[in-house]
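Hi,

Here is the model I promised to pass on.

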Amino acid sequence: MIKLEGLSKIFPGHTIPAVKDLNLEVKEGDVCVLVGPSGCGKTTTMKMINRLYEPTGGKIYIRGEEALKMDPIKLRLDIGYVIQEIGLFPHMTIEENVATVPNEKHWPADQVKQKVDEVMTLVGLDPNVFKSRYPSALSGGQRQRVGVARAMVSDPPIMLMDEPFGAVDPITRARLQNEFLRIQERMGKTIVFVTHDIDEAIKMSDTIAVMREGELIQHATPSDLLSAPADEFVSNLVGRNRSIKRLHLIRINEILEDVNRAKPISEDAQTEEIKKQLDQSDIRTVIVVDRNNKLKGIIGVNDLKRTTGEVAKDYCQDVSDTVTSDATLNDALSVMLELGEGYVAVVNEDDQYEGTITLGDLLNVVKEDN
Ligand SMILES: Nc1ncnc2c1ncn2[C@@H]1O[C@H](COP(=O)(O)OP(=O)(O)OP(=O)(O)O)[C@@H](O)[C@H]1O
Ligand SMILES: [Mg+2]
């Protein structure tokens with residue numbers, strides 16, 4: 001969808017290129033996050049893609065077509081741009097700001113109105129409250145969200161987002177990130193996204209492009225970046241907790257089949273059978289299920305010693321927390337720490353038992369990385 005080929009930019013009067021021989025490909029529907037120190041050329045790269053800056057060398061292809069040969073005004077109508085400095089028009093109301101592109105595209109007025117309301121609500125700004133205000137009457141974070149709404153309103157297939165959530169508090173930020181991911185799952189836009197927050201990059205991206213001093217150092221999936229950073233610069237950038245971060249990226253269903261040894265036992269199982277099963281269990285616990293394979297409880301070695309009951313359901317203990325298989329390994333770890341246990345039961349939405357993940361399984365995943 002976007003292909004940069006040997007792209008360079010030397011600003012007039014400069015000798016050192018701001019961007020140097022950059023080769024980068026972003027597939028349709030992917031989110032590519034640019035990260036790197038301040039001044040490394042992220043914004044310059046974005047501005048060349050929508051031709052606010054003319055490259056001094058190299059080529060840009062949009063859907064296979066050479067962007068440098070296209071009409072820049074037309075090109076920009078297909079590319080939503082959230083600029084780093086927000087860039088709202090101060091003399092226009094929020095409504096007029098958000099409606100800029102639809103108005104340039106001559107949409108019917110009622111359609112514009114409806115769409116403006118829709119995207120403002122999406123970014124958490126009540127249209128009735130904010131529409132008629134001027135940018136100066138908004139906080140920095142609110143202005144930033146207007147910027148996001150403005151870029152999204154005409155539904156462009158490509159979005160360039162330069163630190164779109166930089167000026168909002170962590171809670172609003174997490175909400176906007178989740179909202180963004182939800183919308184992106186539905187819309188499948190091709191997005192180039194800049195952030196200084198490596199955790200945000202890992203969370204939001206299909207691929208991460210690490211830049212330094214105008215050059216691309218590594219372009220990889222977040223998982224590959226964490227497990228195989230190209231050099232010390234990248235490894236410092238992703239930080240010390242690479243293994244923990246990787247647990248955020250792997251879902252339980254990706255490893256459950258390989259690790260699943262703990263067979264559940266029926267709620268009607270006799271004590272003898274439970275004993276035998278306990279001896280074989282490496283978590284010193286057996287999982288008890290009912291006839292419909294719903295999780296009924298657990299029985300540990302001590303429960304068995306103390307009980308006078310005859311079958312499993314007489315003395316199995318409630319399980320206070322479980323995870324579903326679409327949760328991440330980090331979610332599983334959180335529950336284990338919360339419960340103070342070395343394992344957690346995995347169930348589906350109907351509470352049916354699907355398997356068990358142990359602390360050892362997580363250690364194995366982390367070990368594979370190192
Ligand atoms: N219009 C310009 N004229 C001259 N030099 C510029 C211009 N815009 C940017 N530069 C220089 O080009 C380099 C790259 O700047 P750019 O804005 O792309 O960095 P960035 O990676 O976006 O940084 P930040 O994370 O701080 O936003 C910097 O050294 C900057 O000073
Ligand atoms: Mg920048």
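A term before the details: I call two strands paired if DSSP finds at least two bridges between them. Strands (E, at least two residues) and helices (H or I, at least four) are DSSP runs, numbered from the N terminus.

Bear in mind that this is a predicted model, where local features need pLDDT of at least 70, side-chain atom pairs count only at pLDDT 80 or more, and totals for chains, interfaces and linings use all residues. Residues are numbered from 1 along each chain as its sequence is written, while chains are lettered from A and ligands numbered from 1 in the order in which they are written.

Sheet one: S4 (residues 57-62) and S5 run antiparallel and are joined by two bridges; Ile 62 has Glu 65 in S5 as its bridge partner. They belong to an open, antiparallel sheet of four strands, ordered S2-S1-S4-S5. At its edges are S2 (19-26) and S5 (65-66), each pairing on one side only. Helix H1 (residues 42-49) lies across S1 (2-9), S2 and S4, at about 120° to S1. For that, contact means C-beta atoms, placed from the backbone, within 7 Å; axes are lines fitted to C-alpha atoms, for helices over the stretch in contact, with angles from 0 to 180 degrees between N-to-C directions.

Sheet two: three strands form an open sheet, S14-S15-S16, with mixed pairing. S14 (323-324) and S16 (353-358) are the edges; each has a single partner strand, so one side of each lacks a neighbour in the sheet. Two bridges link S14 in parallel to S15 (residues 343-347), with Thr 324 opposite Val 347. Helix H17 (residues 329-339) lies across S14, S15 and S16, at about 125° to S15.

Cheers

Conventions: Contact = placed C-beta atoms within 7 Å.
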